[in-house]
Amino acid sequence: MSIITAVILGLVGALEVSGEPVAIVVAYPGMQDISLSPEDVMIYSEDLPRVETIVDAPVVYSQRTMSEMVAANVPEPPPESKPTLPNESRQKKRLDHTPPFNGTVTGDVTIIKSGANERIILITNLKGDGVMQVLVKGGTAKSARGGEAKPVVDTPRIVVRNTKATTNIDLGRAATVKSAGAMAASQRASMETHFQGKLPANLRVVAEPITVE
């Protein structure tokens with residue numbers, strides 16, 4: 001198999017949107033006191049990777065990994081001389097705060113309750129171009145033993161393309177799409193209630209749920 005073929009095959013089923021609303025299920029197995037709110041969700045994105053051809057083979061210049069970006073943007077703990085503000089910690093914790101970057105894609109976040117241990121993140125009004133991930137802060141639920149839910153900083157990647165031309169890029173862990181009709185009955189009912197009836201025809205549903213541990 002040629003490298004070009006491998007790159008193209010890597011894109012099969014990958015989710016690419018141009019302003020369409022996107023729904024992502026968030027699963028909280030065994031969790032309680034779920035308090036996920038729009039403020040706990042961050043749309044992280046980087047510009048589309050550059051793709052060049054060297055000796056007839058595409059070479060993708062990938063972006064930094066999610067862990068590298070988060071590590072580089074973890075806020076400093078507040079000084080001991082100052083009071084701790086809400087959601088601040090005197091120790092560095094990933095995504096205790098919204099990291100000081102928003103990336104190249106923006107959108108509006110709504111949280112929809114779809115079950116006792118489940119929520120749906122609905123993103124609308126997507127603008128910009130880039131490779132998007134939806135991140136969840138820590139502390140949005142508690143385990144049966146009282147421990148706080150961990151942050152989720154590595155989720156399937158979604159291509160958002162509103163102005164830039166199509167390029168063949170291999171995203172690695174790319175999100176795949178399923179139809180709204182393939183959602184669980186409770187999920188679909190919650191979405192229909194939110195939209196006051198029929199779901200938007202252009203709704204894109206991410207096949208892989210985000211699992212919070």
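**Where to be careful**

This is a predicted model, and residues 74–101 are a stretch to treat with caution: pLDDT stays under 50 there, although the model has 50 contacts beyond four places in sequence for them. Residues 1–13 also stay under 50, with 17 such contacts. Where pLDDT is low, the predicted coordinates should not be read in detail. Helix 1 (residues 3–10) has the lowest confidence in the protein chain, at a mean of 33, while strand 2 has the highest, at 98. Taken over the protein chain, the mean pLDDT is 77, and 67% of residues reach 70 or more.

Now for the inside. The largest nonpolar core has 29 residues, and Ile24, Tyr28, Leu36, Ile121, Met132 and Ile158 touch the most other members. Several strands each supply at least two residues of this core, among them strand 2 (22–27), strand 4 (41–46) and strand 9 (130–136). Apart from it lies another core, this one of eleven residues, including Ala23, Val25, Ile112 and Ile120. In soluble globular proteins, nonpolar side chains tend to be buried together.

Have a look at Met132: among the residues it touches beyond four places in sequence are Ile43, Tyr44 and Ser45, along with Pro156, Arg157 and Ile158.

That brings us to strand 4. Six of its six residues are buried, so strand 4 is largely enclosed by the rest of the structure. Val41, Ile43 and Ser45 point one way, Met42, Tyr44 and Glu46 the other, and all are buried. Strand 4 runs antiparallel to strand 9, joined to it by six bridges, and Glu46 stands opposite Val131 of strand 9.

Key:
Residues are numbered from 1 along each chain as its sequence is written. This is a predicted model: local features need pLDDT of at least 70, side-chain atom pairs count only at pLDDT 80 or more; totals for chains, interfaces and linings use all residues. Side-chain values use heavy atoms; hydrogens and water are left out. A nonpolar core is a set of buried Ala, Val, Leu, Ile, Met, Phe, Trp, Tyr and Cys residues joined through side-chain atoms within 4.5 Å. Buried means under 20% relative accessible area, exposed over 50%, partly exposed in between (1.4 Å probe, protein chains only). Helices (H or I, at least four residues) and strands (E, at least two) are DSSP runs, numbered from the N terminus. Contact means heavy atoms within 4.5 Å. Two strands pair if DSSP finds at least two bridges between them. pLDDT is the predictor's confidence in each residue, from 0 to 100.
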